[in-house]
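Please consult the sequence and structure shown below.

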Amino acid sequence: FAKKEKTRRLPLNEISAKKIRLGYEKLNSISCNIDGSEIKMAIIPTVLNKDKEILKKIIKIIEGESKKIKEAKKAKGIALEQAKGIENRVTTFLKRSAEEETANKIEKFIINTLLFYIADKSKMTLVLTIDDVLPSYVSFVSKAMAEHNIHSFYGEGIWKKDDPLEKRALFLLNLFKNNRVENGNGNQKTQNQLKVMEFLFSRRKIKTGDIIRLYAEAIVNNVNRPFLWTDYFNDFYNNRDSFPVPAIERLHLFFNEIEILTEKIDIGRKKMKDFTEEELLNIVQSSEFLKQSSLHQAAYLLGALSQAIYRWQQNVRGDYTSQTAFSKFINRNRQITKDKLLEINQECAKTIGKLLSQSEGSRRVDVASSVLLPILSEAVVYNKIVKKEELTLAFAFGGRDFEAYRKLQNQKKAAEKETEKEALPQPNINVVDNAHKQEQSLFDL
């Protein structure tokens, strides 16, 4: 295998050349293509007790499974699921072995090497290797992904727009779209696919801050039209590549489950059931992510306040489609920093003053402002560094949580009106009909 584009060609004797040729032919029979990529994946087993018969049977299983995948054209970019299926067959074979005791010992000492390589007419370039000891770590991760409907790469028919947002398929590849990595092996798409596989199976802990950074980048970049916070809070960005808040929460839950992060932190919040000072304070103080600092809490509350003001302004104007000067200001701040928080707060105060001269006021804006004021005072003098990605995420949570609460309240009001309508006394059709019949019989007489 070539580890770089330029390699030295070493002389081989006849025996070595035959071994390499045999290995090349066998590798082709146990490999699968990753759809939409130049990468191939092969599973190479190693039996540490050197039992050749067991090894031959395992290779035969892998060849059979690889052939089925190729014939059925199931290799739609889901290499992880392929690996899981093949490893399950190998494990089942070992468990069903006639000599159960021996088989159990063998199972503990089988290493499956997942080989990712790029092949052309002149060379084969090894791009990534992952060693997986049975019982399989790959199967463990794959099972967790299936439970959360998370996939490594795109696959035909997996993502469905009509699926509920909380259950819609997610693709890890989208998380690395904005994270360029170049090492000379393949194009950018190939690099991103390799990054996903290495991320999942290297068993190296990933810094939680790095994952938060990827979330923040995906929020503002993985959109199918110009990014606007007012649209993001409404879950308007719901294409295959986007990361609305429910998607980020589900993804982070998965990462915590497979224990891939250096710090296991819960980014969830209590559901906003009522928009009161006590409720808001409870949310920011009970959330493991938000209670890290007053800056996190201020960012969350400013997100909620910004969306509350935007909705209030729409109601006052009677215009629910056009962007206002306030919303344009909020939408210009793609990444939220400490300085941006102070600027947003000033714009909120200015807009509230204008709206109070045109209307009676907004209870929700009053509540958010009263909770924010003392927390923001602490945030101003907070002297520790908080990364802009964390503040961006907190801001996104605040605006989206408020919008989810507002929609839920509107649904409840609509349901109550429908109930009241059904409770109204209905005209007695039978009485009217009988009176009509009586008039008709008298007329006949």
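Which residues touch the most other members in the largest nonpolar core?

## Basis of the model

This is a predicted model, in which local features need pLDDT of at least 70, side-chain atom pairs count only at pLDDT 80 or more, and totals for chains, interfaces and linings use all residues. Residues are numbered from 1 along each chain as its sequence is written, and side-chain values use heavy atoms, with hydrogens and water left out.

## Nonpolar core

F116, L200, W229, Y232 and F255 touch the most other members of the largest nonpolar core, which has 107 residues. Such a core is a set of buried Ala, Val, Leu, Ile, Met, Phe, Trp, Tyr and Cys residues joined through side-chain atoms within 4.5 Å; buried means under 20% relative accessible area (1.4 Å probe, protein chains only). Helix α11 (residues 294-317) gives the most to this core, with 12 residues.

Leaving aside residues up to four places away in sequence, F255 is in contact (heavy atoms within 4.5 Å) with L172, L175, F199, I211, Y215, I260 and L261.

## Overall fold

The protein chain contains 16 helices and six strands, taken as DSSP runs (helices H or I, at least four residues; strands E, at least two) and numbered from the N terminus. Of its 445 residues, 46% count as buried. Among contacts between residues at least 6 apart in sequence, 69% join residues at least 24 apart.

## Position S287

S287 lies in the loop between α10 (277-286) and α11. With a relative accessible area of 2%, S287 is buried. Not counting residues up to four places away in sequence, S287 touches G268 and R269.

Technical notes:
Buried < 20%, exposed > 50% of the residue type's maximum accessible area, 1.4 Å probe, protein only.
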